[in-house]
Amino acid sequence: MTARILRIALASLVGLALAAGIAWWQVRHATQQVETSAAAVGGPFRLTDHTGKAVTDADYRGKHLLIYFGYTFCPDVCPTELSTMAAALDKLGPVADKVQPLFISIDPERDTVAHMADYVPLFHPRLVGLTGTPDEIRAVAKEYRVYAAKAPGSSGEAYLMDHSSFVYLMGPDGKFVAVFPGGTGPDKMAADIRKRIGG
Ligand code: NI
């Protein structure tokens, strides 16, 4: 009888150890996948800023970048996210000097330099708007895994764009640091940025 109980206890222990091992492997595997895909976010770009100056990613080395992809005709989501970025920067105080906020257009057809120049100061005096040729925009959107396409059913000049909505924090070396999903509040964004860049 005692031997039987021992056998059952031993079998349970082996089962538990196996389950724990599988769970550990799954968590590890999932973490590795996230790290692998995160490391692949970002890359070199060649665009034009809202003052008409040609810029590349290398011009921003040494600063953290807070990047949002959207378009100036966006009725709701883009203005909300850009306001969140601006509020987060204001909450950071002097730490914000280490961060360059960028708004990259995914609608180069309508987002001319002049249009970007009118738009970005509405949100933050340090916000830089970047636009480019359709090819340049396609390339940078691809590097940042940004989805963007004309919304089905939109026509004429008043079309809407469907697009993904993430705020990216990149390091002073141009490498990916963090991503904030759309709808992240300015307090959380500011606290996370502060935690990751120090100060
Ligand atoms: Ni939008």
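Helices (H or I, at least four residues) and strands (E, at least two) in these legends are DSSP runs, numbered from the N terminus. The model is predicted, so local features need pLDDT of at least 70 and side-chain atom pairs count only at pLDDT 80 or more, while totals for chains, interfaces and linings use all residues. Residues are numbered from 1 along each chain as its sequence is written, and side-chain values use heavy atoms, with hydrogens and water left out.

View 1. D57 has a relative accessible area of 12%, so it counts as buried (buried means under 20% relative accessible area, with a 1.4 Å probe and protein chains only). Its side chain makes a polar contact of 2.9 Å with the side chain of R61. A polar contact is a pair of N or O atoms within 3.5 Å; within protein, one must be able to donate a hydrogen and the other to accept it, and residues adjacent in sequence count only if both atoms are side-chain atoms. A polar atom of the D57 side chain also lies 3.0 Å from the backbone nitrogen of F45.

View 2. Look for C74 (SG), C78 (SG) and H163 (NE2), which lie 2.1 to 2.2 Å from the nickel ion. Donors are N, O and S atoms within 2.8 Å of the metal (3.2 Å for Na, K and Ca); water is not among the atoms, so sites may look incomplete. Along the chain the donors follow the spacing C-x3-C-x84-H. Both cysteines, C74 and C78, are buried.

**View 3. Helix α2 and its cover.** The 16 residues of α2 should span 22 Å at 1.5 Å a residue, and the end C-alpha atoms agree at 23 Å apart; the expected span is 1.5 Å times one less than the number of residues. Among the buried residues of α2 are C78, E81, L82 and M85. Their cover includes β3, β4 (99-105) and α5 (186-197). Just after the helix, G93 takes a positive phi of about 60 degrees.

**View 4. L65 in strand β3.** L65 sits in β3 (residues 64-70) and, at 5% relative accessibility, counts as buried. Leaving aside neighbours within four places in sequence, its contacts (heavy atoms within 4.5 Å) include Y60, L102 and Y168. The C-alpha atoms of L65 and L102 are separated by 6.9 Å, although the two are 37 residues apart along the chain.

Key: Buried < 20%, exposed > 50% of the residue type's maximum accessible area, 1.4 Å probe, protein only.
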